[in-house]
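User: I have a new structure open and would like a short tour. Can we go through it piece by piece?

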Amino acid sequence: MSHVQNPLPYDFSALEPHIDTATMKLHHGMHHASYVKNLNVALDKYPDFHALSLDQLLMKLEELPEDIRTVVRNNGGGHWAHDLYWNCMSPNGGGLPEGKLMDKLVSDFGDYDVFKEKLSETAAKVFGSGWAWLVQDREGKLKVYSTPGHDCPLMVGENALMVIDVWEHAYYLNYQNRRVDYIGAYWNIIDWKGVAGRLK
Ligand code: MN3
């Protein structure tokens with residue numbers, strides 16, 4: 001089984017002006033695509049692992065042959081995280097979360113604005129390349145943290161609800177060094193219905 005990249009769930013231009021068309025084309029068409037390709041190349045010589053889904057591979061990295069473990073971690077993780085990232089955004093996004101998700105954010109963070117500030121700050125503070133996540137832990141509690149490289153909450157058995165890509169390739173064409181402005185713009189396109197659908 002070969003891993004495939006899903007098309008974007010909207011047009012490359014759909015998130016303008018918050019994320020520009022050129023960034024989306026490069027990000028999805030080149031960066032994300034290369035992670036999928038590298039993942040498939042690495043797995044090519046190990047047919048025993050061809051039947052495993054991406055989730056299964058990332059949850060049992062320590063069982064993979066040592067010579068491809070880091071490649072699968074980086075490229076499989078990148079494939080997985082980008083899939084979630086595209087699905088966290090929508091041209092009809094923004095506004096405030098509703099219902100059960102809003103209740104849960106308020107009960108676990110004290111206040112919606114506290115959560116929003118915490119995730120924004122976590123994303124802004126990532127040193128180098130990485131991701132900032134809203135995660136539901138094994139006890140069901142919501143929390144915010146960042147991961148370096150392409151590491152995903154799935155690798156430690158936690159449920160990722162939303163993510164901000166803070167690798168420079170996600171914003172540099174339009175925002176240059178103004179990562180904070182990109183993070184601010186992200187809140188205008190966040191797809192809260194999608195986030196709520198991932199709550200368990
Ligand atoms: Mn990226």
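This is a predicted model: local features need pLDDT of at least 70, side-chain atom pairs count only at pLDDT 80 or more; totals for chains, interfaces and linings use all residues.

User: Is R69 buried, exposed or partly exposed?

Analyst: R69 counts as partly exposed, because its relative accessibility is 29% and that class runs between 20% and 50%.

User: What does R69 touch?

Analyst: Leaving out residues up to four places away in sequence, R69 touches L61, E62 and L64. With L61 there is also a polar contact: a polar atom of the R69 side chain lies 3.3 Å from the backbone oxygen of L61.

User: And how far is R69 from L119?

Analyst: They are 30 Å apart in space, C-alpha to C-alpha, and 50 residues apart in sequence.

User: Staying in α3, what about G77: buried or exposed?

Analyst: G77, also found in helix α3, is buried, as its relative accessible area is 0%. Its contacts, not counting residues up to four places away in sequence, are L58, V72, H150, C152 and M155.

User: Which residues of α1 and α3 meet?

Analyst: On the α1 side, the residues include M24, H27, H28 and H32. On the α3 side, they include I68, V71, H79 and H82. By class, the contact has 11 nonpolar, 10 polar and one charged residues.

User: How do the two helices cross?

Analyst: Helix α1 covers residues 21-43 and helix α3 residues 66-88; their axes come within 8 Å and cross at roughly 145°. The crossing is left-handed.

User: Why give both an angle and a distance?

Analyst: Two packed helices are described by the angle between their axes and the distance between the axes.

User: Change of topic. Which residues hold the manganese ion as donors?

Analyst: The protein donors are H27, H82 and H169, each through NE2, and D165 through OD. They lie 2.0 to 2.1 Å from the manganese ion. H27 in α1 and H82 in α3 are also among the residues where those helices meet.

User: What spacing do the donors follow along the chain?

Analyst: The pattern is H-x54-H-x82-D-x3-H.

User: Are D165 and H169 buried or exposed?

Analyst: D165 is buried, and H169 is buried too.

User: What does the side chain of Q136 reach?

Analyst: It reaches the backbone nitrogen of K200, at 2.9 Å. Among the residues Q136 touches beyond four places in sequence are K104, E158, N159 and R198.

User: Where does K104 lie, then?

Analyst: K104 lies in helix α4, residues 99-109. Apart from neighbours within four places in sequence, K104 is in contact with Q136, G140, K141, L142 and L199. A polar atom of the K104 side chain lies 3.0 Å from the backbone oxygen of G140.

How values were computed: Residues are numbered from 1 along each chain as its sequence is written. Side-chain values use heavy atoms; hydrogens and water are left out. Donors are N, O and S atoms within 2.8 Å of the metal (3.2 Å for Na, K and Ca); water is not among the atoms, so sites may look incomplete. Buried means under 20% relative accessible area, exposed over 50%, partly exposed in between (1.4 Å probe, protein chains only). Axes are lines fitted to C-alpha atoms, for helices over the stretch in contact, and angles run from 0 to 180 degrees between N-to-C directions. Helices (H or I, at least four residues) and strands (E, at least two) are DSSP runs, numbered from the N terminus. A crossing is left-handed if the near helix is turned anticlockwise from the far one by less than a right angle, and right-handed if clockwise. Contact means heavy atoms within 4.5 Å. Ala, Val, Leu, Ile, Met, Phe, Trp, Tyr, Cys and Pro count as nonpolar, Asp, Glu, Lys and Arg as charged, and the others, Gly among them, as polar. A polar contact is a pair of N or O atoms within 3.5 Å; within protein, one must be able to donate a hydrogen and the other to accept it, and residues adjacent in sequence count only if both atoms are side-chain atoms.
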